[in-house]
Number of protein chains: 4
Amino acid sequence: MTRKPAKAATPPAARANAKANSHAGEDAVPASSRATRAAERRAAIVDAAMEEFIARGFAATRLDDIAKRAGVAKGTIYLHFKDKESMFEELVRTVIVPVVTRLTALPPPAGSVRDLVEAFASNFLKEVIGTRRGDLVRLIVAEGPRFPSVADFYYREVVSRGISAMRALIELGIARGEIRQKNLAHYPQILVAPAMIAVIWQSLFARHAPLDAQDMLRVHLDLIFGERSTT
Amino acid sequence: MTRKPAKAATPPAARANAKANSHAGEDAVPASSRATRAAERRAAIVDAAMEEFIARGFAATRLDDIAKRAGVAKGTIYLHFKDKESMFEELVRTVIVPVVTRLTALPPPAGSVRDLVEAFASNFLKEVIGTRRGDLVRLIVAEGPRFPSVADFYYREVVSRGISAMRALIELGIARGEIRQKNLAHYPQILVAPAMIAVIWQSLFARHAPLDAQDMLRVHLDLIFGERSTT
Amino acid sequence: MTRKPAKAATPPAARANAKANSHAGEDAVPASSRATRAAERRAAIVDAAMEEFIARGFAATRLDDIAKRAGVAKGTIYLHFKDKESMFEELVRTVIVPVVTRLTALPPPAGSVRDLVEAFASNFLKEVIGTRRGDLVRLIVAEGPRFPSVADFYYREVVSRGISAMRALIELGIARGEIRQKNLAHYPQILVAPAMIAVIWQSLFARHAPLDAQDMLRVHLDLIFGERSTT
Amino acid sequence: MTRKPAKAATPPAARANAKANSHAGEDAVPASSRATRAAERRAAIVDAAMEEFIARGFAATRLDDIAKRAGVAKGTIYLHFKDKESMFEELVRTVIVPVVTRLTALPPPAGSVRDLVEAFASNFLKEVIGTRRGDLVRLIVAEGPRFPSVADFYYREVVSRGISAMRALIELGIARGEIRQKNLAHYPQILVAPAMIAVIWQSLFARHAPLDAQDMLRVHLDLIFGERSTT
DNA sequence: TATGAATGAGTGTTCATTCAT
DNA sequence: TATGAATGAACACTCATTCAT
């Protein structure tokens, strides 16, 4: 087990500038008030922490590395988070919430149920599978047992909501005659299972055998809704 | 985050006895040769290590706790394993191999493909889901990225084999007309996905909402093979 | 070992008001000039620092707590003191000097030597024993070895002067026949010893066993001057 | 404030040898069993810790320095003590108890009360004043408020016992007519005050003005018992 | 002048690994 | 072979001090 902060996608210094610049076209830090700066720093810490936690897991991540990657001093982390544990917990919340928000902002329920589900899957594909957010899911699976509060939060905010939404869709599909298998409504997990598998696969086995997640999800939907005649 | 070695499957007391005996009968090791004793110790260490690694993850597990749980001295571990990392790696091999062996020892290919798959699923249910072995799968998902060699091993010995076997079954099912959906053969992952989800669910969310894995798998097979006429 | 700033004599709220006011009345500082304000701030810092140093000792005291208690920002302390060490040193001077001044302002040398000594003891009782100043003495005893300059200062300004004054009184008492024991003049420490013990006792053991310092000092003086016939 | 481990009276290496040698005249470590070695190490740690705590106080003492001075690794300290605080507390107990034992082993109560008191004072002079033990008393005065358990222990084991013993002696003296001042029995502190002052003086002001503690105590006893006719 | 966010050296504590017994 | 005391590198967290505002 080597111990390098791993390649930072964006070097700290560069990123500070990037952030500052993103506000104004100047070189100075004109438009950023005290509060803004603080928020930026916090965001930088959250980003860095996510990278490191994903790469090494909670216990093996060093705050030193997070600080270095975020381009702040070690002490600065403690201005934003009580300790390593609560940083991890808040981090998960911070990152998960907007994803959930975006995913649950379903497109207008026009068209067939299959269209709805496909829209959702497409969103999921873009927003989660193969992204940092996907890795975060794997991280939660990994650390869940040691962070009951995280597992609870994840179950409450993501899993149970997702299950409910899926069940609603399935029932709609059954009512409309798009789905034959009535029992499916009891196990919405079946509907999402391949998507979850895709997430984990990309994290673990992408380099052994790439997986065309989009196509796989299509095949799975064919299984549930019947193969599309045209397409 | 608490820090207790958790209930030891084999109480340390056992070890006290062992000691006492070796003392009483001079040097004699009645029913077990030197080599056997060594193998027993190694097995005890492997068991203890698995418990601890599953409960805390690699980085957070203390060798002290493993030793205590195994009923050996800390130094003894180093007589069997080079270091913590290789212990983890060997441990995974040691535990995974017999499971794979047992799972791949499929019953004679009599009967329908669905029967074959169901036999397999039933085995998997009994041997993996909700067991220590299931937790081990979660552990591999968790630690995989930090242990490429483990991920490699797991992919080679379990995943790729499993995928191949599933693909063969699917193709057989298609050939025999039991499975309609031809594309399924491209993504055997779909066949296993609910089983994997069940494994993870039991590890993480069983206490939030219990999952009847067996029934879920049945529904899933209905989806693939069509609902059973009689049941 | 707990870590609470302890009850602040002057609540931080005071400071909020101060701020609010300075805001309301533009820049005006009604009843106190700039310089006065600065002096007040300095005094607040000294008071707060004394409380904290007495409660925790030099090393364990946090400037943060001093600032909070004084109702100023941490940086403000550095406008008045070079660093923590010199703050401690100046603090001792600042607090000690007026006490010495008041104590040495002996009442007119009328009456017997015993009356003089009693007046002095009475003063000491009121000004030192069981007060913050008494705790400061204990603090000096505690930190003396690590702050030679403080020990030096204390010896020079308090101890040696006190010893001289006591010796003078003793010699006067011997000359006037009030004190029998001639050798006492060699060890004026004996005269003050019970007073010092009282100071320390109140700091450390008051809650185990209260001590009537006044009565003890009276008994001690009886020992030196002989018991009072009347009274 | 400089930060040097201060001069170790006996350098670590030398001392380990000395200890080992004290057992046999050889160079090896023949006579020291595992347990003996452990006890020696613990003693070395206690000694080193006492030096450092006395020199710097609790908070400012670094475990690194204690370890270095004791000639052990930092981790070794934690084999003997739970943490810094309990090390300090146990240290005080460890050092105080034998002193109390020796001091309370009074010589046979033959002769006058004054003889008894003088014997006691002489013991105290030899065992405490101007020794490490004396410094320890100052340390307790210094840290008492932050270590209630230490203050409690000290009060219980040393102060209250000492006060009782002194009171008994005083009452005996009064009964035998050696002591005139009856009230003295209410304040045995007066009897010990100069001894305590001597302890503190040696710690703080010895270099400013040396104090002949023995002579001072003699003068003080003269005050209480009357001057000795012959001397 | 006053602030308090930011810094980073410093320290108590843990724990994988070694090795004398 | 087995032990567990000893080691010391590593790491989370603190806090005196600085400095942009």
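This is a predicted model: local features need pLDDT of at least 70, side-chain atom pairs count only at pLDDT 80 or more; totals for chains, interfaces and linings use all residues.
Let me begin with chain A and chain B, where the contact takes 53 residues from chain A and 51 residues from chain B. The size of an interface is often given as the accessible area lost when the parts come together. For chain A and chain B the buried area is about 4700 Å², and carbon and sulfur atoms give 70% of that area.

If we turn to particular interactions, there are 2 salt bridges between chain A and chain B, and one of them joins the side chains of D152(A) and R207(B), with a distance of 3.2 Å from N to O. Across this interface there are also 16 residue pairs in polar contact, counting pairs in which both residues have pLDDT of 80 or more. On the side of chain A that touches chain B, the elements that give two or more residues are α2 (34–56), α7 (132–143), α8 (148–175), α9 (188–204) and α10 (213–225) of chain A. Which of these elements gives the most to that side? It is α9(A), with 9 residues. Sorted by class, the side of chain A that touches chain B has 34 nonpolar, 7 polar and 12 charged residues.

Now to chain D and chain C, where 53 residues from chain D and 53 residues from chain C take part in the contact. The area buried between chain D and chain C is about 4700 Å², with 70% coming from carbon and sulfur atoms. The count of salt bridges here is 2, and D152(D) forms a salt bridge with R207(C), in which the closest N and O atoms are 3.2 Å apart. Between chain D and chain C there are 16 residue pairs in polar contact, with both residues at pLDDT 80 or more. On the side of chain D that touches chain C, α2 (34–56), α7 (132–143), α8 (148–175), α9 (188–204) and α10 (213–225) of chain D each give two or more residues, and the largest share, 9 residues, comes from α9(D). The residues on that side of chain D divide into 33 nonpolar, 7 polar and 13 charged.

Finally, please find R146(C), which sits in the loop between α7 (132–143) and α8 (148–175) of chain C. Is R146(C) buried or exposed? With a relative accessible area of 12%, R146(C) is buried, because buried means under 20%. A polar atom of the R146(C) side chain lies 2.8 Å from the backbone oxygen of A142(C).

How values were computed. Residues are numbered from 1 along each chain as its sequence is written. Chains are lettered from A and ligands numbered from 1 in the order in which they are written. Side-chain values use heavy atoms; hydrogens and water are left out. Helices (H or I, at least four residues) and strands (E, at least two) are DSSP runs, numbered from the N terminus. Buried means under 20% relative accessible area, exposed over 50%, partly exposed in between (1.4 Å probe, protein chains only). A polar contact is a pair of N or O atoms within 3.5 Å; within protein, one must be able to donate a hydrogen and the other to accept it, and residues adjacent in sequence count only if both atoms are side-chain atoms. Contact means heavy atoms within 4.5 Å. Buried area is the accessible area (1.4 Å probe) that two parts lose on being put together, summed over both. A salt bridge is a side-chain nitrogen of Lys or Arg within 4 Å of a carboxyl oxygen of Asp or Glu. Ala, Val, Leu, Ile, Met, Phe, Trp, Tyr, Cys and Pro count as nonpolar, Asp, Glu, Lys and Arg as charged, and the others, Gly among them, as polar.
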